[in-house]
Amino acid sequence: MRKAMTAFCAAIALIAGTDVHAGTPRLRYGLEWGCAAAFYQSRDINYITHEGYRVDDDFRGFSFEGNGHVMAEMGINLTDRFAVSVYGGYAGLSEGNRVFPVLLRASLFPEGMTEDGLFCFAEAGPGFHSSTPSTTTLPAAIIANAGGGYHIALSRSIGLDFELSLRGAFDHKLIKDADT
């Protein structure tokens, strides 16, 4: 594990030490907002009631539920084609379940950030619950997201991105015994 971590840090240092293309700014920042449609849900509820019997209920299936998100970005362009950013903001996961996500995103722009073209990204991190601790058994949901889109370079340092992605949110909501 220690050798893998050392190799990873050395690779990041090597990439960070390379010069960014002269037309690409080193720091990146921005705002992102969008709509998310939860279309598949999987739920497995299994607990023992106060009377001692087991309740086992599960659901897997398609169920549309609309949500939105607003995120701020701060990052660094490691090369003119590759960037690493931290995203933070406010997002809905499901009905009554809102989080403050802090996500680490890696983005690849094959045509370069100063050119129009396709791009892809992957991100993951925790989503800290906005509700009281009595509604969940975990302090944070785990969020992972991968997708791509089209980047329009409006100027050397300003771009407009249109994204399409697939997000997975893994949470453990507190289940209350209906009889108590």
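Two strands count as paired when DSSP finds at least two bridges between them, and the strands themselves are DSSP runs (E, at least two residues) numbered from the N terminus. What you're looking at is a predicted model, where local features need pLDDT of at least 70, side-chain atom pairs count only at pLDDT 80 or more, and totals for chains, interfaces and linings use all residues. Residues are numbered from 1 along each chain as its sequence is written, and side-chain values use heavy atoms, with hydrogens and water left out.

Start with the open sheet: seven strands, paired antiparallel, in the order S1-S2-S3-S4-S5-S6-S7. Strands S1 (27–48) and S7 (159–170) sit at the edges with a single partner strand each, so one side of each has no neighbour in the sheet.

Now zoom in on S3 (residues 82–94) and S4 (residues 97–108), an antiparallel pair joined by 10 bridges. In one of these links, alanine 83 has serine 107 in S4 as its bridge partner.

Methods. Helices (H or I, at least four residues) and strands (E, at least two) are DSSP runs, numbered from the N terminus.
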